2 protein chains.
Amino acid sequence: MHGEVNKRGRTRRPTMVDVAREAGVALRTVSRVVNDDTTVGAELAKRVHDAIAALDYRPDERARHLRLGVTGTLGAAVRQLSHVNPVLRAVERAARAADLMVLAASTEDDERLERRVVESMCRRRFDGIVLEPIGADHGYLLPELAAGLCLVAVDRPVLGLDVDCVISDNAAGIQAAYAHLAAHGHRRIAYIGDDERIFTAQERATAFRACAAEAGAALDGMVHTGPIQPARIANALATALGGPDPATAIITGNATISVEVVRSFDDRRVAVVGFDDSELATLLRPDLTVVAQDDQAIGATAIDLLRARIADHNRPVHRVTVPVELLTRGSGEQPP
Amino acid sequence: MHGEVNKRGRTRRPTMVDVAREAGVALRTVSRVVNDDTTVGAELAKRVHDAIAALDYRPDERARHLRLGVTGTLGAAVRQLSHVNPVLRAVERAARAADLMVLAASTEDDERLERRVVESMCRRRFDGIVLEPIGADHGYLLPELAAGLCLVAVDRPVLGLDVDCVISDNAAGIQAAYAHLAAHGHRRIAYIGDDERIFTAQERATAFRACAAEAGAALDGMVHTGPIQPARIANALATALGGPDPATAIITGNATISVEVVRSFDDRRVAVVGFDDSELATLLRPDLTVVAQDDQAIGATAIDLLRARIADHNRPVHRVTVPVELLTRGSGEQPP
């Protein structure tokens, strides 16, 4: 414990009023100098600058934003900050390249929290918001959009609202995974996915059912969707791999489920194709074959769309679908 | 592509001036109503409220903050947002429990970026900042601290400045790891750690050297610190496990290095104790024995310190060291 901070004499921040008093000039003279008004005489300007230096006065950026109406800041409202999120990483990179700062907050898959976060960013007059939308009802966004909010949705569209969005080609990814396993001789393929109330999860599960129908494969005990809970996933796995006609291959709905599935394996030789790549994929034995999303393209496109929207509020809405890619690494090439 | 947005007629946000015009009242009447000044007559107040509703006027939070001087928002400047960061997660949780929103930005281990992020948060008058400090020189913080910035450092102290911080007991963690391996019969123990320019990495490497000295163990080829690059770590591993008297056990300096070390293993039976727990630890075979940091305590303590600092700028500086815990899971219990 130290007391040095006391000596710094932390007090309230000096204001323009303090500067005016120190310089012995009118408040509006300080304001004009701070705002680079060149009509202020050199001698007056010097007195103001000296007072600013003496008091270490710093203009309040919020005040300046009020005048200029720009901030150079984007908000990002994502499921969870402290999780691996390559799309957020790509968003940050693309924003930085455009000299924009990203301030991000977690929505924790909680609709009320999403609303609080987004509304707070709106009130702060961020230039734009990148949103991983949660809820089914985004009506709260309507007045914000009407008032000029620039928004781009990533990973999922904002259901019911016509806003820019960037999503992966989920159906094509599932089709590629299914075709790959079928080409390796699998006829009993199971799907373990996320909660279908989530748009992405629903797209993937729907695509899986369509693949099975087209292949003439029975779906009994083969489709398991729901929340990402270890116990649920272990049960789903037990069902898919039990019974008289067990699955010989599994497609997972996202990277977290891939981890849980592999964690539950008891050295079984079951083929696995995971949706979504992650650093875990190459730690497993065999390495995980995955449907990789193009996170870089998603993040960069999101920033492109947002900047275009900021430049022209009235441009047509864009919905961009980004291709996915099957990366074969071993786990998806095992025979039945 | 859709054009519905056009019909919404996105324009600039309505201002108080628009409200005053719509209501047919003076601007300061609008201001008084917005600020809940009860001395405004009921009829006037109603006209203002009607105009606010008609225009869907929303007060600019930045303006309100200018008046009230509070924002209910904390900034978090961390190495990398889109990485697993259980401390940030704990910070968010503790902040949310105190009804504070966390807006986070990445510093990418880049001193200049750290400065830009922190200064921007200061100019936005965030209530406080949680910082994972990067650089050796934090002089830029001095005027901000003098001007009232409330700051808490996590994981590492702000070198050279006397500010609140919360760090793990790095030395105790290394000592526990070393003693554990020694108790399992290891005499040749290697350390592969992070860049020693990072405070935490330096504390851990120093503690390792002290343990070896106390045990009377030779350090030739046994200590490898530097940037987290797969090739460097593979080389370090080759050196430690090669030669006439190879290491039979390895202590790693952080979770990312643990992953790289395990990834480089070719089914060797070498004991490993990792510093820092992660979801990867229980995916490995055998599961990884780790020195686990108490992320929950670190995050919660950081928010406690920050709130106390906000409440009393002049309270003494606190430096809190949080205990670590050895979790034995298999990899650290293998014999030489």
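Biologist: Let's start in chain B: what makes strand β6 and β7(B) partners, and which way do they run, parallel or antiparallel?

Modeller: Happy to, and please keep in mind that this is a predicted model. Strand β6 of chain B, residues 189–193, is joined to β7(B) by 3 bridges. A pair needs at least two bridges, so with 3 bridges β6 and β7(B) count as paired, and they run parallel. One pair to look at is B:Ile192, which stands opposite B:His224 in β7(B).

Biologist: Where do those strands sit in their sheet, and in what order do the strands come?

Modeller: They belong to an open sheet of 6 strands in chain B, ordered β7-β6-β8-β9-β10-β12, and the pairing is mixed.

Biologist: What makes β7 and β12 of chain B edge strands?

Modeller: β7 (223–225) and β12 (324–327) of chain B each pair on one side only.

Biologist: Which helix lies across β6, β8, β9, β10 and β12 of chain B?

Modeller: That is helix α9 of chain B, residues 170–183. Its angle to β9(B) is about 170 degrees. Angles over 145 count as roughly antiparallel, so α9(B) and β9(B) fall in that class.

Biologist: What makes α2(B) roughly perpendicular to α3(B)?

Modeller: The axes of α2 (residues 16–23) and α3 (residues 27–34) of chain B come within 8 Å and cross at roughly 110 degrees. Since 65 to 115 counts as roughly perpendicular, that is the word for α2(B) and α3(B). In the contact, B:Met16, B:Val17, B:Val19 and B:Ala20 of α2(B) meet B:Leu27, B:Val30, B:Ser31 and B:Val34 of α3(B). The classes there are 7 nonpolar, 1 polar and no charged residues.

Biologist: And in chain A, how do you know how α2(A) and α3(A) are set against each other?

Modeller: In chain A, α2 (residues 16–23) and α3 (residues 27–34) pack at about 110 degrees, with axes 8 Å apart. That angle lies in the range from 65 to 115, and α2(A) and α3(A) are therefore roughly perpendicular. A:Met16 and A:Val17 are among the α2(A) residues in the contact, and A:Leu27 and A:Val30 are among those of α3(A).

Biologist: Why are β7 and β12 of chain A said to stand at the edges?

Modeller: The open sheet of chain A has 6 strands in the order β7-β6-β8-β9-β10-β12, with mixed pairing. β7 (223–225) and β12 (324–327) of chain A each have a single partner strand, so one side of each lacks a neighbour in the sheet. In chain A, 3 bridges join strand β6 (residues 189–193) to β7(A), and the two run parallel. A:Gly193 stands opposite A:Thr225 in β7(A).

Biologist: Last one: how far apart are the C-alpha centres of domain 1 and domain 2 of chain A?

Modeller: Those centres lie 39 Å apart. The domain assignment gives domain 1 of chain A as 16–59 and domain 2 as 71–167 + 295–322.

Technical notes: Residues are numbered from 1 along each chain as its sequence is written. Chains are lettered from A and ligands numbered from 1 in the order in which they are written. This is a predicted model: local features need pLDDT of at least 70, side-chain atom pairs count only at pLDDT 80 or more; totals for chains, interfaces and linings use all residues. Side-chain values use heavy atoms; hydrogens and water are left out. Helices (H or I, at least four residues) and strands (E, at least two) are DSSP runs, numbered from the N terminus. Contact means heavy atoms within 4.5 Å. Axes are lines fitted to C-alpha atoms, for helices over the stretch in contact, and angles run from 0 to 180 degrees between N-to-C directions. Domain bounds come from an automatic or database domain assignment. Angles under 35 degrees count as roughly parallel, over 145 as roughly antiparallel, 65 to 115 as roughly perpendicular and the rest as oblique. Ala, Val, Leu, Ile, Met, Phe, Trp, Tyr, Cys and Pro count as nonpolar, Asp, Glu, Lys and Arg as charged, and the others, Gly among them, as polar.
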